[in-house]
Amino acid sequence: MESKLEATYVSVVVPVFNEENNLEILHRELSEALKNLDKKYEIIFVDDGSVDNSFQVLKKIKESDKSVKIIKLRRNFGQTSALSAGFDHSKGEIIISVDADLQNVPSDIPSLISKLEEGYDIVNGWRWKRKDRFLTRKIPSAVANWLISFITGIKLHDYGCTLKAYRKEVLKNVRLYGEMHRFIPAVASWMGIKVAEVKVNHRQRKYGKSKYGISRTIRVILDLITVKFLISYSTRPLQIFGLFGFISFFVGFILGLYLSYEKIILREAIGGRPLLLLAVLLMFLGAQFITLGLLAEMLSRTYHEAVEKKIYVIKEILDEDEK
């Protein structure tokens, strides 16, 4: 069992998918940055179902560095799942996430840790001089960051930057799904955490291909809806469903009263009026929404008491401490 003096202080989690040409360079840069901290560290590479020689390169790296841990997933589960696997197997008090494509600069890690030690719980990297295409990457990213900040209430310039520093106790209370790793500061906000932002360097990709595309953008937007629901209504879903239900039922009821007035007082025929069908539909939908809210309340309570289920499947773990 590790003593306090020997306890791991920093864990760096690196999700890897087909990055064979970048890994040795990244390991060298990470080692240089972390050795300067003069504290015990570990580097966790999570091979997210790579189909190139990434795993073989990682095994070679591990042979020369006992601080390296390798987690190999059975298939490509996605960046969020790979990060989650790394977080779950981290031993450090501080956990750093970094991309494997060399666009993040490891020498920025000490500045993130220094900011975290000022009393913050999460420090987010801000690629303020981003080396990406203006039209296809920078503009969509700027719009997305504004939208995420507006909806979640957590103001950050660069949600998409993987280079982040976390306190371990924060990540223990966050469950990740979909593309939600970028939303961790927002998802964790219910705990009353302190979030800071630090400007970091950014480089152009030299080897390999970007894994980002329009389909991922769509998934991120859908996950943003999920995040907003989790932040505001996960423990009180009836308040959102019930609100829509009440509005729908109320409008339908008012229309029904108006049609009843025409039928009873004015003696007009209303049987063929489209307005009558609309009134019935709105009242029916209102009742449905309220019922759905009640069911969601029951599911919410079941969810918070349920056994946790991992979103990844590990094939093997290479770690000196577990031998």
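This is a predicted model: local features need pLDDT of at least 70, side-chain atom pairs count only at pLDDT 80 or more; totals for chains, interfaces and linings use all residues.

Trainee: How many helices and strands does the protein chain have?

Mentor: Helices (H or I, at least four residues) and strands (E, at least two) are DSSP runs, numbered from the N terminus. The protein chain has 10 helices and eight strands. Of its 323 residues, 44% count as buried, where buried means under 20% relative accessible area, exposed over 50%, and partly exposed in between (1.4 Å probe, protein chains only).

Trainee: Which residues of helix α4 are buried?

Mentor: The general idea comes first. An α-helix has 3.6 residues a turn, so residues three or four places apart point the same way. In α4, which spans residues 109–116, the buried residues are I109, L112, I113 and L116. They lie on the same side of α4 because they cover an arc of only 95° around the axis; the arc is that of the directions from the helix axis to the C-beta atoms.

Trainee: What covers the buried residues of α4?

Mentor: The cover includes the strands β1 (10–16), β4 (94–97), β5 (122–127), β6 (164–167) and β7 (195–200), together with helix α1 (23–35).

Trainee: How many aromatic pairs are found in the whole structure?

Mentor: A pair of aromatic rings is described by the distance of the centres and the angle of the planes. Rings of Phe, Tyr and Trp (its six-membered ring) pair if their centres lie within 6.5 Å; planes under 30 degrees apart count as stacked, over 60 as edge-to-face and the rest as tilted. A search of the whole structure finds four such pairs. One of them joins F244 and F289: the centres are 6.1 Å apart and the planes stand at 45°, so the pair is tilted. F244 belongs to helix α9 (residues 238–264) and F289 to helix α10 (residues 274–305), 45 residues apart, so that distant parts of the chain are linked. F244 is partly exposed, at 45% relative accessible area, and F289 is partly exposed at 30%.

Trainee: What kind of pair do F246 and F250 form?

Mentor: F246 and F250 are stacked, with 6.1 Å from centre to centre and 15° between the planes. Both lie in helix α9, four residues apart, about one turn of the helix. F246 counts as exposed, at 54% relative accessibility.

Note on methods. Residues are numbered from 1 along each chain as its sequence is written. Side-chain values use heavy atoms; hydrogens and water are left out. Contact means heavy atoms within 4.5 Å.
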